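Here's a quick tour of one protein model. Have a look at it first, then read on.

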Amino acid sequence: MKNKKIGWIGLGKMGQPMSGQLLKAGYPVYVYGRHEQDTQAMAAKGAVVSQSVLDLVNIVDILFLMVTDDHAIEDIFKSEAGVLSAELTGKTIVNMSTVSPGINREMAILCKEKGAFYLDAPVSGSIKQAEEAKLVIMAGGEEAVYESIKPLFGILGSSSSLIGDIGAGNLAKLSINTLLAIEAQGLAEVINFAEHHSISAEKILSIINNGALGSVFMKLKGELIINENYNPAFALKLLTKDLRLAKAEGLDSPLGNTVCKTFQQAEAEFGNEDLIAIKKYL
C-alpha cells in the first residue's frame, strides 16, 4: 500500500490535518486546494502541490475529497479539467465530504463507467479528532473497495465501518449530525434556563458533566460557552446545511423539525461561528 500515490482535494479545517496524517504515515500525498496559503502549508509538511484537479488525478492511485457541499463536488468532478476528464481506470475515489447521498450515487455511477471505484466515507469528529487521528469513519460502497481502503482509514481515525451501499455513509452522517444539533440546542436551552435563574453556566455544567448526562460533547461545548469562545470548530452554517440535507432525505420528527427551524433562523447572524453559538441566538 505504501507505494500507492494518494491525492487529496479540500484543504480546509479538516482536510489539512487528515491529509497530514497520511504524510506522517509515510505515504506520498499530492494535494489540490483553492487557497495558496493552504497548499503552501501542506507543501511545508511534505505534500506535492498540483496545479489543477486534472493534474492531480492523472498522477494518483487513490483520491480523497473533503469539501463543503454538493456544489463543490459537482464542480470538482464535472468541470472541464475535473475528475471525470481524467483517465480513471483502476483508481479509487473516496469522498469524505458530508454531502447528499444522491450526489454520491451519481458520481459513483459516473466513476464506474470510467473504470474507477468509489466510496462515500464521511466522518464523525471535528478538528481535534482529525489532529489526533480519532475520527469515526462511516462508509458506503462495495465491501471489496472498503477493505482495500480500510488500512488508510485506520491512519485517519480510531474506527471505521461499512454501513451499506453508496450513500449509506452519508445517511449515517446526517443521522449523527441531527443528533448533534439536538444535543447542542438542548445544552444551550438548559444553560440559558439556569442562567435566567441565577445559576451560572459553570455550576450547571459541573452537575451535568459529573452525572449520567456528561459526555465529551457536553464538556467541549460547555467550555466554549463558559469562555465565550465561538471560533468555529464546526461552523453553525455547516450543521444547518446538514440539517437541510437530512430534511431532503425525509427527516420529519418533532425534535428534528425543531432544530432545523432554529438553526436556519440562527444562520444569518451566527452562521460563521461555532455551532454552539445557537446559545447566543436562543
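This is a predicted model: local features need pLDDT of at least 70, side-chain atom pairs count only at pLDDT 80 or more; totals for chains, interfaces and linings use all residues.

Residues are numbered from 1 along each chain as its sequence is written, and side-chain values use heavy atoms, leaving out hydrogens and water.

Back to the helices (DSSP runs of H or I, at least four residues; strands are E runs of at least two). H5 (residues 101–113) and H8 (residues 168–196) pack at about 165 degrees, with axes 8 Å apart. That makes them roughly antiparallel (over 145 degrees). Pro101, Asn104 and Arg105 of H5 make the contact with Asn170, Leu171 and Leu174 of H8, where contact means heavy atoms within 4.5 Å.

Now for the rings. There are three aromatic pairs, counted if ring centres lie within 6.5 Å; planes under 30 degrees apart are stacked, over 60 edge-to-face and the rest tilted. Here are two pairs:

| Pair | Centres | Planes | Type |
|---|---|---|---|
| Trp8 and Phe64 | 5.1 Å apart | 15 degrees | stacked |
| Phe77 and Tyr118 | 6.4 Å apart | 50 degrees | tilted |

Trp8 sits in strand S1 and Phe64 in strand S4, 56 residues apart. Trp8 is buried at 0% relative accessible area (buried means under 20%, with a 1.4 Å probe and protein chains only). Tyr118 is buried too, at 5%.

Note on methods
Axes are lines fitted to C-alpha atoms, for helices over the stretch in contact, and angles run from 0 to 180 degrees between N-to-C directions. Angles under 35 degrees count as roughly parallel, over 145 as roughly antiparallel, 65 to 115 as roughly perpendicular and the rest as oblique. Rings of Phe, Tyr and Trp (its six-membered ring) pair if their centres lie within 6.5 Å; planes under 30 degrees apart count as stacked, over 60 as edge-to-face and the rest as tilted. Buried means under 20% relative accessible area, exposed over 50%, partly exposed in between (1.4 Å probe, protein chains only).
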